[in-house]
Amino acid sequence: MDIRDRVLIVEDDKSIRNFFRTVLEANNYDVIMASTGAEAYSMVTSQCPDVVLLDLGLPDMDGMKILKSVREWSAMPIIVVSARGHERDKVEALDAGADDYITKPFGTSELLARIRTAIRHARTAYLSPEGMQTGLFRSGGLTIDYDKHRVYIDGRDAGLTQNEYKLVSLLGKYAGKVLTYDYIIKEIWGPNMKNDNRILRVNMANIRRKIEKNPAKPEYIFTEVGVGYRIADPD
Ligand code: CA
């Protein structure tokens, strides 16, 4: 039986919409399309897409409004596709619950990879009650052992401090997703921590010294400049 993942493309530009459709159908996705915010709303509720590609500049409303309202009732993967490349816009979209953010123009292989990651993450997330992660996360030589609260590199204990472990395990829990600086700070140091990225940068520098072969060219934890961090995809 052929069960295809269904992608909803929300995009008012006809040529971009058709380009997406061609690429996605060629890669065995079932494609549905909306060209306005109102159409997007009705398709999100009636068609149950597996992933939504959401343009922000729509004729009848800002795509951010759709993102925020869908997030009130659904965790369906939403990838914002936008010409707005400002860090501020990315942070706003990610903090509002977007799973990912792609800036136009981008390559088709990048688009397909982001879609696969978003769908896989949606299927593997929330496996255990109360968001507690158990078991192992593996990506190349990196292993996060959620039961032992340890991180290993090529089989040896990386010797992370408690906060460093929390940071890596948080990124692993949301593999494939960019976590914003603000979100990470609040998750690790609590809501009263002032929004100061310095402490986060210091912790990340220490983590990279412990887990990366070359901290200047990380293989495991990537920086999205001005936005946040993303961990490498699991094996
Ligand atoms: Ca547009």
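User: Let's start with Thr-180: is this residue buried or exposed?

Analyst: Thr-180 is buried, because its relative accessible area is 3%. The general idea is a scale: buried means under 20% relative accessible area, exposed means over 50%, and partly exposed lies in between, computed with a 1.4 Å probe on protein chains only. Before we go on, please keep in mind that this is a predicted model, in which local features need pLDDT of at least 70, side-chain atom pairs count only at pLDDT 80 or more, and totals for chains, interfaces and linings use all residues. Residues are numbered from 1 along each chain as its sequence is written, and side-chain values use heavy atoms, with hydrogens and water left out.

User: Where does Thr-180 lie, and which residues is it in contact with?

Analyst: Thr-180 belongs to strand E10, residues 179-180. Such labels come from DSSP runs numbered from the N terminus: helices (H or I) have at least four residues and strands (E) at least two. Contact means heavy atoms within 4.5 Å. Leaving aside neighbours within four places in sequence, Thr-180 is in contact with Val-91, Leu-94, Asp-95, Val-227 and Gly-228. Take Val-91: 89 residues separate it from Thr-180 along the chain, yet their C-alpha atoms are separated by 6.4 Å.

User: What does Ala-232 touch?

Analyst: Ala-232 sits in the segment after strand E12 (228-231) and counts as buried at 10% relative accessibility. Not counting residues up to four places away in sequence, Ala-232 touches Phe-137, Ser-139, Ala-175, Glu-219, Tyr-220 and Phe-222.

User: Now the helices. At what angle do H2 and H3 pack?

Analyst: Two packed helices are described by the angle between their axes and the distance between the axes. Axes are lines fitted to C-alpha atoms, for helices over the stretch in contact, and angles run from 0 to 180 degrees between N-to-C directions. Helix H2 (residues 37-47) packs with helix H3 (residues 63-71) at about 20 degrees, and their axes are 10 Å apart. That makes H2 roughly parallel to H3. As for the words, under 35 degrees counts as roughly parallel, over 145 as roughly antiparallel, 65 to 115 as roughly perpendicular, and the rest as oblique.

User: Which hand does the crossing of H2 and H3 have, and which residues make the contact?

Analyst: The crossing of H2 and H3 is right-handed; a crossing gets that name if the near helix is turned clockwise from the far one by less than a right angle, and is left-handed if anticlockwise. On the H2 side the contact is made by Gly-37, Ala-40, Tyr-41 and Val-44, and on the H3 side by Lys-65, Ile-66, Ser-69 and Val-70. By class these are five nonpolar, two polar and one charged. Here Ala, Val, Leu, Ile, Met, Phe, Trp, Tyr, Cys and Pro count as nonpolar, Asp, Glu, Lys and Arg as charged, and the others, Gly among them, as polar.

User: At what angle do H6 and H8 pack?

Analyst: Helix H6 (residues 162-173) meets helix H8 (residues 197-211) at about 85 degrees, with axes 10 Å apart. H6 and H8 are therefore roughly perpendicular to each other. Asn-163, Glu-164, Leu-167, Val-168 and Leu-171 of H6 make the contact with Leu-200, Asn-203, Met-204, Asn-206, Ile-207 and Lys-210 of H8. This contact has six nonpolar, three polar and two charged residues.

User: Which residues are the protein donors of the calcium ion?

Analyst: Donors are N, O and S atoms within 2.8 Å of the metal (3.2 Å for Na, K and Ca), and water is not among the atoms, so sites may look incomplete. For the calcium ion the protein donors are Asp-12 (OD), Asp-55 (OD) and Gly-57 (O), lying 2.2 to 2.4 Å from it. Their sequence spacing is D-x42-D-x1-G. Asp-55 is buried at 5% relative accessible area, whereas Gly-57 is partly exposed at 37%.

User: Which backbone details belong to Lys-104 and Pro-105, His-149 and Asp-154?

Analyst: The peptide bond from Lys-104 to Pro-105 is cis, with omega near -5 degrees; Pro-105 is in the loop between strand E5 (100-103) and helix H5 (108-124). His-149 is not a glycine, yet has a positive phi of about 55 degrees. His-149 lies in the loop between strands E7 (142-145) and E8 (150-153) and is partly exposed at 47%. Asp-154, also not a glycine, has a positive phi near 50 degrees; Asp-154 lies in the loop between E8 and strand E9 (156-157) and is exposed at 58%.
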